[in-house]
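I'm opening my notebook on this one. I'll go spot by spot and jot down what I look up.

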Amino acid sequence: MSNPDDEQGAAEGRAFAHMEAACTGQLDDMRLLLDHPSADPAALMMHTDDVGDIALTAAAHNGHVDAMLLLLNHPSADPAAMMVHASLDGVTALMLATQKGHVGGMRLLLDHPAADPAAMMMHTDHEGRTALMLAAVEGHVDAVRLLLNHPSADPAALLTDTDGSGDTALTLAANCGHTDAVRLLLEHPSADPVDMLIHAEHEGNTALSLAAYCGHTDAMRQLLDHPSVDPVDMLIHADHEGNTALSLAAYCGHTDAMRLLLDHPSVDPVDMLTYTDHLGRTALMLATQKGHVGGMRLLLDHPAADPAAMMMHARLDGVTALMLATQKGHVGGMRLLLDHPAADPAAMMMHARLDGVTALILAASFGYVDAMRMLLDHPCADPAAMMMHTDMYGDTVLTEAAQFAAAVASEEAPNPSCAPLLLLLRRVAADPQPSDARQAHMTKVAEALLQGPRSNEMFDADQPDDARDDCIRLLLEFRARGFDLNSSVMSRIISEACAMARVPHLLNEAVVGVAIARQQQ
């Protein structure tokens, strides 16, 4: 008597071997397995692997036309069922052949007597994409031509069909920079190029917008030069966030695409340079936000630009280009803005957004020491005024730096440290006659260190931190110099410092002694 487990194992082994043979186009192995006396060829051909593929889809994906022909014409085959079979992600044999540009396999499937080519071409995968869309994504021009020109095709429907994101074959081809595919789609006799060129996917992006976003200048030219549409309509079109093609190109730093758009004869470059999205951002601000110095320079130096106005422009919350560069730590972008011949660096550095926050405060809040140093050391800077400027909550850059030092790590500030605060405290220490306001402000700085969520960790003597130690030392020195510091706050600082004094390099005993003596007066 045969063992059922052995029989099942043998069947699974044959199924695996048959799939491998189909993948690699091994015809002799496929025939041997299909015609084996103990085989069930119908079941073998419809067996699915872990992603839902059958032998036909595996052969189609790898372009093995002879293997596909063997499977479809086998006496036990159900070719119609095999051709409409879809894998777990909804992809059929035709779609897999199309995706790889295997035109021979595509033609075999579409022209097979058991095929329903119209249904096969309109079938969509789980992303809502047809075979034509997959051909457009990959830029397989011969595959695009075959699908659109097949006698059973409805090319108008194929050209206007959209996937789950609202993309058409044209927007997908433009997004991937396949210029020849773009041309073929637009020039097909069944195409309506006006509708195709102004069509926007679910986020509001047209074919031109997507090509600009990816920097595909050849595809952009192909779209802009089409005679059926006024290029102005495409150039001024904005997505749901208010981004035009120039906005998207600037955001991604594609300078060639930016130049192509700005220099197009159908638009006024001034309008494009001053255009703002729904947040009030210009192309310069978008380029600055991402640190694209080349794109920033192109915009500022364009013959139609008003660089002074562009650099002082603020979005709806009062943030300028300099502030965007600063809050991302893009020192190169900051330098370009501050040193530009048309810049007013003093005004730019003292400009505050609606909540009173300046570029320097932003740099401190994100821990960008190099950005802080650039601002404070700039020849046009007024460091004293910048350091004592208060936002709407009464915080200065010093308190912001102290809060950053005692903050917990976050996505925006993954490495809180005392380095920004130390940079500022050293400047206070170097001032021989600090103002009364600055002296009194040291209390808020000390309070911020003591009250932050990371305060206990900061004052852990077992955690070496030279910047922290230097900050504490400077606060004690300020008290010793007679700064008007709150007694109870300084008592806590001294207490914490003395508790850490077992770290030999930490404190100067004379400084601590003077501080304690003054505290007791």
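**Thr92.** I looked up what Thr92 touches: leaving aside neighbours within four places in sequence, Thr92 is in contact (heavy atoms within 4.5 Å) with Thr57, Met83, Val84, His85, Ala86 and His123. Thr92 is found in the loop between helix H6 (79-84) and helix H7 (93-99); helices here are DSSP runs of H or I, at least four residues, numbered from the N terminus. Its relative accessibility is 5%, so Thr92 counts as buried (under 20% relative accessible area; exposed is over 50%, partly exposed in between, with a 1.4 Å probe and protein chains only).

**Ground rules.** This is a predicted model, where local features need pLDDT of at least 70 and side-chain atom pairs count only at pLDDT 80 or more, while totals for chains, interfaces and linings use all residues. Residues are numbered from 1 along each chain as its sequence is written, and side-chain values use heavy atoms, with hydrogens and water left out.

**Asp167.** I found Asp167 in the loop between helix H12 (155-160) and helix H13 (169-175). Asp167 is buried, at 9% relative accessible area. Its side chain makes a polar contact with the side chain of Thr171 (2.8 Å); that term means a pair of N or O atoms within 3.5 Å, one able to donate a hydrogen and the other to accept it, and residues adjacent in sequence count only if both atoms are side-chain atoms. Met133 sits 34 residues away along the chain, yet the two C-alpha atoms are separated by 8.7 Å.

**Helix H2.** Which residues of H2 (27-34) are buried? I get Met30, Leu33 and Leu34. They cover an arc of only 95° around the axis, which puts them on the same side of H2 (the arc uses directions from the helix axis to the C-beta atoms). Asp28 and Leu32, on the other side, are exposed.

Terms used:
Helices (H or I, at least four residues) and strands (E, at least two) are DSSP runs, numbered from the N terminus.
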